[in-house]
Amino acid sequence: MRSRIRAHSETLVRNTNNSGRKILREEQVVSFRKGLDIIRSFGAGHRRQTITEAASRTGMTRAAARRFLLTLCEAGYARSDGKHFELTPAILTLGHSFLSGMGEIERVRDALLGLTRALGESASAAMLDGTMITYVARSPAAHRIMTVGLGVGTRLPAHATSMGQALLAALHPRELERYFEAAVLERFTGHTLTTRAALTARLAEVRGRGYALVSEELETGLNSIAVAVPGGISAGHLAINLSAPAGRVGAEEMRERFLPALQEAARGVALAVQRG
């Protein structure tokens, strides 16, 4: 399960930019995208990799992976002991450029910290990133809730997560259609929604009730509830969630005790963003 629920890149022939315009293959620099795939291959359980391991995780040839890894080392974003490669702290500057332009993130982080203090569970915020969600803020509880480490920059499949479903439910029909064209609805547990019909029906429920509740769809033993932040933030749509072990917090308790606090936090974030 650990290897299946990991941050991974999308290898689409066609992509879509923020304006909704299709980006053709000939307009893309494929080698640059492959370099990003190498960076993303370093994740939970893969902090250090050999050339062969990086090639296997990205689907590249060993020779290609070697060139990208050596380029990262030359640029200061990675280092090697001659056999293993690992990223350096300099890699954080790539994400800092995005986060530093989002002043609202501090308000989001404060809201998440408040949720964790009040309820004792992990709270997170994420944005939709293609067919994935990307964590942009997090307030972890003292206990670990997943077999993989979660943090800012972690990417997970939207269809199997509460924040992903909350964000997908808010999409315009044309945007949702593009999502389905690109998405691979991979199964992670026996509860994962793996057909378009099942996910479409779930998203209709989420729109109707105003929140997404996922019970053991991403990982066995994990429950999560999420709401979209009204109006989002300057960088786009945003969702926040609370997660807890299913054995300790059931779905009904999430609805009765967690949902009101989550909705209040989302309204607080929205109001703070409006005030600037």
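Let's start with a convention: two axes count as roughly perpendicular when the angle between them is 65 to 115 degrees. Keep that range in mind as we walk through this structure, which is a predicted model.

Our first stop is a pair of helices. Two packed helices are described by the angle between their axes and the distance between the axes. Here, helix α6, spanning residues 162–169, and helix α8, spanning residues 196–209, have axes that come within 9 Å and cross at roughly 80 degrees. The two helices, α6 and α8, are therefore roughly perpendicular to each other. If you zoom in on where they touch, α6 contributes Gln165, Ala166, Leu168 and Ala169, while α8 brings Leu199, Arg202, Leu203, Val206 and Arg207.

Next, let's look at the aromatic rings. With ring centres required to lie within 6.5 Å, the count comes to one aromatic pair. That pair is Tyr179 and Phe180, whose ring centres are 5.4 Å apart; their planes meet at 65 degrees, so the pair is edge-to-face. Tyr179 is buried, with a relative accessible area of 4%, and Phe180 is buried too, at 11%.

Another ring worth a visit belongs to Tyr211: the charged end of Arg209 sits over this ring, 4.7 Å from its centre.

Finally, turn to the loop between β9 (212–215) and β10 (222–228), where you will find Glu216. Glu216 is not a glycine, yet its phi is positive, at about 60 degrees. With a relative accessibility of 22%, Glu216 counts as partly exposed.

Technical notes: Residues are numbered from 1 along each chain as its sequence is written. This is a predicted model: local features need pLDDT of at least 70, side-chain atom pairs count only at pLDDT 80 or more; totals for chains, interfaces and linings use all residues. Side-chain values use heavy atoms; hydrogens and water are left out. Axes are lines fitted to C-alpha atoms, for helices over the stretch in contact, and angles run from 0 to 180 degrees between N-to-C directions. Helices (H or I, at least four residues) and strands (E, at least two) are DSSP runs, numbered from the N terminus. Angles under 35 degrees count as roughly parallel, over 145 as roughly antiparallel, 65 to 115 as roughly perpendicular and the rest as oblique. Contact means heavy atoms within 4.5 Å. Rings of Phe, Tyr and Trp (its six-membered ring) pair if their centres lie within 6.5 Å; planes under 30 degrees apart count as stacked, over 60 as edge-to-face and the rest as tilted. Buried means under 20% relative accessible area, exposed over 50%, partly exposed in between (1.4 Å probe, protein chains only). A charge sits over a ring if NZ of Lys or CZ of Arg is within 6 Å of the ring centre and within 35 degrees of the ring normal.
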